[in-house]
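Try each task before you read its solution.

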Amino acid sequence: MARGHSSGVVQDLVNECFEFDTSDWRCSPGVAVMVIKNRVPIIMQGFGQSCTSDKSPLTAQSVFDLASVTKHFTACAVVLCRDMGLLKLDDAACSHLPDLPPACSKITINHLLAHQSGIPEYFELSPEWEEPHCNWYNTEAVYRLCAKAIEDDGLEFEPGTKHEYINSNYALLALIVAKVSGKPFHEFLQQYFFTPLGMTNTWVIPPEPWDDDSKAPRHTRPNVVRGYKETDEGDFVIDEDDVVIAGDGGVFSCLSDLLLWDNAMRDGFVELGMKPGSVDSMFEAYGNTLKTDATDKKDDTKEKKRKKKKKKGYEQFYGKGWEINPDDHSVEHLGSWNGTSTLYYRRLDEEYTIILLANIDDVAHLLDDLAQCIVEEGV
């Protein structure tokens with residue numbers, strides 16, 4: 001399919017899924033779309049505005065908060081640490097995070113990667129458990145908050161007996177990477193992945209807090225989009241939440257950099273020090289296939305923060321930072337946070353990838369629809 005024709009098809013699909021017409025994209029936030037075939041972008045284009053106030057358009061260099069799509073970056077860091085001899089995936093989490101209470105003694109790094117640990121969700125815990133003078137918005141605080149909650153109330157379930165998508169798992173994994181490598185998590189990813197790959201517009205939120213919002217990285221780094229939510233009246237207003245918790249989220253990137261990332265992942269990251277086969281192992285479900293709860297868990301105040309893609313009573317195949325779709329030999333992950341929605345879809349039986357980045361809150365389900373339409377149209 002010719003590039004120009006692909007662009008027209010995708011624009012029609014974007015309009016259909018978002019219930020917009022082409023003129024709407026001149027004054028609203030939108031979505032950046034990339035489809036990669038055989039390592040070449042068939043389409044790499046933005047639809048809508050990076051900032052509605054100055055009408056700057058979304059481009060391949062527009063930088064988005066990847067939200068939970070970050071999780072496979074974290075998993076890559078963990079696997080690289082394993083390949084460097086810094087840890088083993090069957091290590092007890094307590095061996096690297098000694099402040100976890102005895103109830104966590106059976107939790108392994110594999111359990112954290114596969115969301116099978118039983119650790120509670122950090123943003124559902126009472127902030128009154130924060131230690132004095134502890135900045136809630138950092139990964140160390142998440143560690144302490146979870147440890148205190150488990151000490152008081154125990155785990156949510158016995159490790160390895162259930163799959164429950166919990167962001168705390170990946171925040172703790174980022175902390176483990178920092179502890180075993182001796183480098184802050186954001187510096188580890190920068191040194192071992194982003195800089196060698198030439199990903200000049202990709203970075204991880206640093207752990208240091210700032211005095212006011214104007215000093216937040218999204219306002220001091222180049223090309224970062226503004227994040228929006230749609231009001232009941234159909235208007236778009238700024239909706240951004242600057243936190244310094246990394247691992248479960250916190251990576252910022254753009255389409256042009258993610259092209260470099262995806263192609264390097266196709267090569268197994270071997271030039272970066274990963275052992276052959278390590279990347280492929282990330283697409284394998286850990287342990288036995290486990291069923292999720294038979295009901296959807298949703299909290300209107302919390303669940304909007306990081307969407308849990310969960311269907312009623314379905315078998316969950318989760319690898320290392322990826323949801324696994326055996327039916328079409330693909331992996332994917334959705335992300336959602338204030339002012340951002342993201343999707344990353346990869347076929348394993350062919351070199352085909354779809355990446356969708358929106359600077360609109362709570363539209364990950366629309367991105368999922370859009371990705372399915374792109375696949376069905378053969379773009």
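## Exercise 1: an aromatic pair

Trp261 is buried, at a relative accessible area of 0%. Buried means under 20% relative accessible area, exposed over 50%, and partly exposed in between (1.4 Å probe, protein chains only). The model is predicted: local features need pLDDT of at least 70, side-chain atom pairs count only at pLDDT 80 or more, and totals for chains, interfaces and linings use all residues. Residues are numbered from 1 along each chain as its sequence is written, and side-chain values use heavy atoms, with hydrogens and water left out.

**Task.** Classify the ring pair of Phe193 and Trp261 as stacked, tilted or edge-to-face.

**Solution.** 
- Step 1. Recall the rule: rings of Phe, Tyr and Trp (its six-membered ring) pair if their centres lie within 6.5 Å; planes under 30 degrees apart count as stacked, over 60 as edge-to-face and the rest as tilted.
- Step 2. Take the values: the centres of Phe193 and Trp261 are 5.6 Å apart and the planes stand at 55°, so the pair is tilted.
- Step 3. Helices (H or I, at least four residues) and strands (E, at least two) are DSSP runs, numbered from the N terminus.
- Step 4. Check the cover: Phe193 has 0% relative accessibility and counts as buried.

## Exercise 2: a second pair

**Task.** Classify the ring pair of Phe283 and Trp322 by its plane angle.

**Solution.** 
- Step 1. The centres of Phe283 and Trp322 lie 6.0 Å apart and the planes are at 70°, so this pair is edge-to-face.
- Step 2. Phe283 sits in the loop between helix 9 (278–281) and strand 10 (290–291), and Trp322 in the loop between strand 11 (315–316) and strand 12 (323–325).
- Step 3. Phe283 is buried at 10% relative accessibility. Trp322 is buried at 0%.

## Exercise 3: salt bridges

**Task.** How far apart are the closest N and O atoms of Arg266 and Asp262?

**Solution.** 
- Step 1. A salt bridge is a side-chain nitrogen of Lys or Arg within 4 Å of a carboxyl oxygen of Asp or Glu.
- Step 2. The closest N and O atoms of Arg266 and Asp262 are 3.8 Å apart, and the two form a salt bridge.
- Step 3. Arg266 and Asp262 are four residues apart in helix 8, so about one helical turn separates them.
- Step 4. Asp262 is buried, at 1% relative accessible area.
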